[in-house]
Amino acid sequence: MNPQIERLYQISQKKERRIIGLMSGTSLDGLDIAVCRIENAGKTTKIQLENFATMDYEDDFRARVREVFAKRNIDQQLFSGLNAYIGVTHAKLINTALQQWNIPSSEIDCIASHGQTVYHAPQSLTKDRNWPNSTLQIGDGDHIAVNTGIITLSDFRQKHVAAGGEGAPLAAYGDYLLFSHATENRFLLNIGGISNFTFIPSHQTKLKAYATDLGPGNTMMNQYMKANFNQEMDRDAYMAKKGQVNDALLNQLLTEEFLTLPFPKTTGPELFNLAYLEKAQERSKTAHIPHENVMATLNRFAALAMVNGIRKQSEGLSDVAIYISGGGLHNPLLFDYIKRSLPTCKVESFATLGINPDAKEAVLFALLANETLVGNKSNVAQIKDSPAVCMGKISLPQ
Ligand SMILES: Nc1ncnc2c1ncn2[C@@H]1O[C@H](COP(=O)(O)OP(=O)(O)OP(=O)(O)O)[C@@H](O)[C@H]1O
Ligand SMILES: CC(=O)N[C@H]1[C@@H]2OC[C@@H](O2)[C@@H](O)[C@@H]1O[C@H](C)C(=O)O
């Protein structure tokens with residue numbers, strides 16, 4: 001037997017595995033690296049987050065990814081190169097982090113790599129029923145395995161699509177296994193580039209758990225700051241706080257059909273981008289309003305996409321709790337508006353549930369890898385409208 005296959009077998013038999021979860025989201029801020037200790041699988045999974053860091057990307061890296069990110073027409077040579085380049089860059093960042101934490105790579109059982117989403121094209125977005133759902137994450141797993149010496153599981157979303165899903169959101173699987181609660185109806189709201197929630201009904205209801213995207217999280221605010229001020233974000237909502245929400249623009253932003261589609265659904269910056277903003281500005285004749293007002297309006301638009309979505313699902317339910325993760329948690333204007341708009345719900349940071357909110361998505365990918373190595377597809381069969389499959393392709397280091 002190939003000794004690497006034997007090692008895989010041994011890893012799957014261990015009482016506890018040490019798995020690195022990786023997430024590189026649409027915000028392109030950096031690579032989230034979460035070292036997790038995971039015991040068991042399925043509903044008895046226990047996860048302990050040992051180390052976490054977001055390793056910042058260099059400007060050159062961001063610029064190259066932005067050349068293809070969410071774009072329909074791209075340079076193929078650059079694209080092919082990026083697949084390898086992102087894999088190698090991620091491997092370097094992992095090696096650096098492990099060194100900083102004094103963890104020898106031989107002590108890591110495997111890496112769970114999300115890769116970099118470059119295009120998300122479910123039929124609901126393309127509106128083309130003759131063309132399949134698709135989503136694409138690059139940053140090749142073999143490059144990570146070879147350059148770290150660690151077995152790597154990657155490209156999780158393809159199996160989901162192959163089995164009938166949209167390839168996202170995948171958070172529901174881990175959220176359901178780790179955080180369902182006897183009496184609380186929980187919304188795990190993640191505010192990344194795109195906002196999404198996992199709804200986990202209490203054990204007292206007959207409802208099923210699911211995850212759905214809601215609309216823009218930080219992405220339009222980030223894009224506007226980049227285009228107009230060459231800044232990566234509106235840190236602490238500094239700009240938005242100085243402006244006034246423009247109702248005419250806000251109403252136009254809210255007309256998008258996606259916002260009215262039933263849950264679950266997925267989207268991306270392919271839809272919610274500056275071109276989308278410009279069209280809404282034209283229609284509302286607000287092309288020349290001050291930047292502060294545009295930012296205040298974009299902030300409110302993101303908040304409303306979330307609040308309206310949560311209201312829709314929580315109607316008629318009592319004991320509703322919302323736990324917020326993702327970078328948008330650090331945007332005070334966004335957080336305060338969400339909290340004020342949902343006065344009957346408990347609204348807290350995801351940290352209350354015992355895991356660093358910035359690490360959540362990376363941890364969930366570690367859990368998905370654990371399920372693939374040790375779990376059973378029935379563990380994830382409880383998620384509404386999402387295929388029960390184990391995900392991730394396995395790359396061996398040699
Ligand atoms: N202090 C802050 N003030 C305002 N916004 C912030 C702050 N800190 C982080 N953010 C926002 O959070 C973003 C990063 O969030 P996160 O890392 O969750 O996104 P992501 O993982 O790239 O997205 P996705 O989950 O959609 O893939 C930043 O780009 C910024 O917009
Ligand atoms: C295609 C893709 O990369 N989608 C991401 C993105 O970031 C947030 C939202 O859009 C969500 O659908 C998903 O990520 C999370 C981790 C998920 O799959 O649950």
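Visitor: In this predicted model, is Asn102 buried or exposed?
Guide: Asn102 lies in the loop between α3 (76–100) and β4 (110–121). Its phi is positive, about 60°, although Asn102 is not a glycine. Exposed means over 50% relative accessible area. Because Asn102 has a relative accessibility of 69%, the residue counts as exposed.

Visitor: Ala237 also has a positive phi without being a glycine; is Ala237 buried or exposed?
Guide: The phi of Ala237 is about 60°, and the residue is placed in the loop between α8 and α9 (238–242). Buried means under 20% relative accessible area. Because the value for Ala237 is 0%, the residue is buried.

Visitor: How does Ser27 count in terms of accessibility, and what is it in contact with beyond its neighbours within four places in sequence?
Guide: Ser27 is found in the loop between β1 (16–24) and β2 (30–39). Because its relative accessibility is 23%, Ser27 counts as partly exposed. Leaving aside neighbours within four places in sequence, the contacts of Ser27 are Arg66, Gly192, Gly193 and Asn222.

Visitor: Is Gly30 buried or exposed, and which residues does it touch?
Guide: Gly30 has its place in strand β2. Its relative accessible area is 0%, so Gly30 is buried. Not counting residues up to four places away in sequence, Gly30 touches Met23, Ser24, Thr54, Met55, Asp56 and Tyr57.

Visitor: Are helices α7 and α14 roughly parallel or roughly perpendicular to each other?
Guide: Two packed helices are described by the angle between their axes and the distance between the axes. For α7 (residues 171–179) and α14 (residues 360–374), the axes are 9 Å apart and the angle is about 85°. Angles of 65 to 115 degrees count as roughly perpendicular. Therefore α7 and α14 are roughly perpendicular to each other.

Visitor: Which residues make this contact, and how many of them are nonpolar, polar and charged?
Guide: From α7, the contact is made by Ala171, Tyr173, Gly174, Asp175, Leu177 and Leu178. From α14, Lys360, Leu364, Leu367, Leu368 and Glu371 take part. By class, the contact of α7 with α14 has 7 nonpolar, 1 polar and 3 charged residues.

Visitor: How many residues of α7 are buried, and which elements do they pack against?
Guide: Helix α7 is mostly covered, with 8 of its 9 residues buried. Among the buried residues are Ala172, Tyr176 and Phe179. The buried residues of α7 pack against α6 (157–162), β7 (185–191), β8 (194–200), β9 (210–216) and α14.

Visitor: Is Gly217 buried or exposed, and what does it touch?
Guide: Gly217 is found in the loop between β9 and α8 (219–229). Because its relative accessible area is 2%, Gly217 is buried. Not counting residues up to four places away in sequence, Gly217 touches Ile191, Gly192, Gly193, Ile194, Ser195, Ala302 and Met306.

Technical notes
Residues are numbered from 1 along each chain as its sequence is written. Chains are lettered from A and ligands numbered from 1 in the order in which they are written. This is a predicted model: local features need pLDDT of at least 70, side-chain atom pairs count only at pLDDT 80 or more; totals for chains, interfaces and linings use all residues. Side-chain values use heavy atoms; hydrogens and water are left out. Helices (H or I, at least four residues) and strands (E, at least two) are DSSP runs, numbered from the N terminus. Buried means under 20% relative accessible area, exposed over 50%, partly exposed in between (1.4 Å probe, protein chains only). Contact means heavy atoms within 4.5 Å. Axes are lines fitted to C-alpha atoms, for helices over the stretch in contact, and angles run from 0 to 180 degrees between N-to-C directions. Angles under 35 degrees count as roughly parallel, over 145 as roughly antiparallel, 65 to 115 as roughly perpendicular and the rest as oblique. Ala, Val, Leu, Ile, Met, Phe, Trp, Tyr, Cys and Pro count as nonpolar, Asp, Glu, Lys and Arg as charged, and the others, Gly among them, as polar.
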